[in-house]
Amino acid sequence: MLNKRNLTFIITDKCNLRCTYCYEKNKQYFTMTDEVVKQSIIFTQKWVNSFGPETEFQFDFIGGEPLLATRPMSLILEGIVNLMKDRKNKYVFLITTNGTQFTEKNKALITSWKQRDIPISLGISLDGTRAAHNRHRCNSFDDIIAGWNWWFEEFADSSSIKSTFMPDTINELFSSFKFFVEELGVTQVRSTPVIGVGVHWTDDDILEYKKQIRLVADYMLSSTKKGLYYQAISDGPISSVTAPLEYTPRCGCGTYMLAIGYDGKLYPCTRFFTPPPDHRWTCGDIWNGVDKEKIKPFITCHIPHNEPCASCEIKKFCFTCTADNFLDTGSIFERNTAICEITKSNIEINQYYYDLRQNKGVCHE
């Protein structure tokens, strides 16, 4: 990630859903004003100018539901397109949507950006089959499927599904992946567990996860469909994971990531955004820039200090989340160990998948 930077615009906290596992609590139903939009573009220009031409940028729009706030999103997007036109840097816009707001107006707007060759990706959240998705997503499955054909035609080749699973939906992980591939035509799935306060993974849950993820691996190996990707399964052997290489944090909080709240405050990542007037995790604002003293702890917190994490041989493969760490331990410097067994399971399945690919000569290109 040394040459990649991510700037996220939290343009609103309005949302038409109330997903049970959503980390955004106490929504205020605020949307970024034109004044904050204007200053955000000025800040972005200064921020971009602080990096060289080799740096690649990703500009994210999230909410809430960002398609409920298309005005600030459009103004920011156009401002960034204008400031990037004379630069050599590669860049992309990413909109993360719950998939229920593909109105004709919104579709026309997004299509117009694509027609101008603006680099844009539209990620959609869909947790699985109707039963798996609706369990925690406010019965929104049918609303997403209603706009599916448009999304698939416009973005399936450049975007992926974001799928979230809980202990009570883990038994449908494989059936959901198969549904994505066979019924919806999707090949790229980024599936992540909910780890945090109030979510408890039992030993039985982990055993079920191992069973389900192996079914996914077997399916990928036997499928003739090209380009299949599942986030927990890679092509590398376990030796590439445990090799004594320099530790590189996988969490970008405070390092290659930065977020702008709808109030103009800066945050080390979106998970640390707190609605006004609670600004305990701010690290500056768009008028005065990044506060180096406030961001410093988030730069140094990624090296694991507490055991068993500090001496763990697979720590460089761990997708620990700094925000989850704080919520679980009360400190950004101590790891939340709830993800340990899932990470170890992923290591095991990667070795299993790699060995079988080597034996069968399978290659999903």
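Predicted model: local features only at pLDDT ≥ 70, side-chain atom pairs only at ≥ 80, totals over all residues.
Much of the interest here lies in its side chains: V36, V37, Q39, S40, I41, F43, T44, W47 and V48 are buried. The buried residues of α1 pack against the strands β1 (4-10), β2 (56-62), β8 (257-260), β9 (266-267) and β11 (289-290), and also against helix α2 (70-84).

Turning to charged side chains, the model contains 11 salt bridges. One of them joins E154 to K114, with the closest N and O atoms 3.6 Å apart. This pair links distant parts of the chain, since E154 sits in helix α6 (residues 148-155) and K114 in helix α3 (residues 104-115), 40 residues apart. E154 has 18% relative accessibility and so counts as buried, the cut-off being under 20%. K114, at 29%, counts as partly exposed.

A salt bridge also forms between R137 and D127, whose closest N and O atoms are 3.4 Å apart. R137 lies in the loop between α4 (130-134) and α5 (141-146), and D127 in the loop between β4 (120-125) and α4, so the pair ties together parts that are 10 residues apart in sequence. Both of these residues, R137 and D127, are buried.

A further salt bridge brings together the side chains of R271 and D324, at 2.9 Å from N to O. Here again distant parts of the chain are linked: R271 belongs to the loop between β9 and β10 (284-285), while D324 belongs to helix α11 (residues 322-329), 53 residues apart. R271 is partly exposed, at 24% relative accessibility, whereas D324 is buried, with a relative accessible area of 10%.

Conventions: Residues numbered from 1 in each chain as written. Heavy atoms only, no water. Buried < 20%, exposed > 50% of the residue type's maximum accessible area, 1.4 Å probe, protein only. Helix = DSSP H or I, 4+ residues; strand = E, 2+ residues; numbered from the N terminus. Contact = heavy atoms within 4.5 Å. Salt bridge = Lys/Arg side-chain N within 4 Å of Asp/Glu carboxyl O.
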